[in-house]
Amino acid sequence: MMPATSALIFLPFTLVIAIWVSWKDLSTMKIPNLAVLALGAVWLVIGPFVMPWSDWLWGFGFAAIAFVVGFITYLVMGVGAGDVKFATAMAPFFVQADLRFSLFLISACMIGGLACHRLAKAIPAVTAATPDWESWKRKRYMPFGLCLSGILVFYLLSEAMK
């Protein structure tokens, strides 16, 4: 469980990055490397001041594990490279997370993100307002940066409210 004050301090920075990632993934189906670096910098720079030292260091281990698992899913299942990089940058924030809650949150955000994307895609006014968005054109692909951003933001919000 992340301390509430830590979550509140991380939240403004991660929220801006999450909105940026969601917008870019919806519009271009790509997550900018700069966004991944920015999220990593939030953990690297702010983390030592708001997290216990051992948890901050363990965060890098979580990132390494996320990268290995993500790389395997990229190779075997075709998960997007940007999604893997962003998930790797997100992983340290979950160092103290409850596994059951995390799995529930991941499932809810994946299903919710897919449902919201498909619903928005079916509304003519939405697609007319954003006609150049790549995610509307792809039939079999989903911009999971939207879901990943939701997972991070909702996790930090839930921790901040404790």
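Which helix is the place of I106? I106 sits in α5, and the views below take in that spot and several others. This is a predicted model, in which local features need pLDDT of at least 70 and side-chain atom pairs count only at pLDDT 80 or more, while totals for chains, interfaces and linings use all residues. Numbering starts from 1 along each chain as its sequence is written, and side-chain values use heavy atoms, with hydrogens and water left out.

**View 1. Confidence along the chain.** The protein chain has a mean pLDDT of 96, pLDDT being the predictor's confidence in each residue, from 0 to 100. Residues reaching 70 or more make up 100% of the chain. Helix α7 (residues 134-137) has the lowest confidence, at a mean of 94, and α2 the highest, at 98. Helices here are DSSP runs (H or I, at least four residues), numbered from the N terminus.

View 2. I106 is partly exposed, with a relative accessible area of 34%; buried means under 20%, exposed over 50%, and partly exposed in between (1.4 Å probe, protein chains only).

**View 3. The largest pocket.** This pocket holds about 1200 Å³ of space. Of its 39 lining residues, V79, D83, A87, M110 and L148 are the closest to its centre. Two or more lining residues come from each of α1 (4-28), α3 (53-77), α4 (81-90), α5 (99-122) and α8 (144-160), and α3 gives the largest share, with 7. Sorted by class, the lining has 26 nonpolar, 7 polar and 6 charged residues. Nonpolar covers Ala, Val, Leu, Ile, Met, Phe, Trp, Tyr, Cys and Pro; charged covers Asp, Glu, Lys and Arg; the others, Gly among them, are polar. For the grid-minded: a pocket is an open set of points on a 1 Å grid over the protein atoms alone, where a 1.4 Å probe fits, with protein on both sides within 12 Å along at least five of seven lines, and lining residues have an atom within 4 Å of a point. Points are joined across faces, edges and corners, and the volume is the space filled by probe spheres set on them.

**View 4. The largest nonpolar core.** Such a core is a set of buried Ala, Val, Leu, Ile, Met, Phe, Trp, Tyr and Cys residues joined through side-chain atoms within 4.5 Å. Of the 30 residues in this one, F10, L39, M51, F86, M90, F93 and L156 touch the most other members. Two or more residues come from each of α1, α2 (33-50), α4, α5 and α8, and α2 gives the most, with 7.

View 5. T14 lies in helix α1 and is buried, at 0% relative accessibility. Leaving aside neighbours within four places in sequence, T14 is in contact (heavy atoms within 4.5 Å) with L39, V42, F93, L152 and L156. With residues up to four places away not counted, L156 touches M2, A7, F10, L11 and T14.

**View 6. Helix α4, wrapped up.** Because 7 of its 10 residues are buried, α4 is largely enclosed by the rest of the structure. The buried ones are G82, D83, V84, F86, T88, A89 and M90, and they pack against α1, α2, α3 and α8.

**View 7. M29 in its loop.** M29 is found between α1 and α2. Although not a glycine, M29 has a positive phi of about 60°, and it is buried, with a relative accessible area of 16%.
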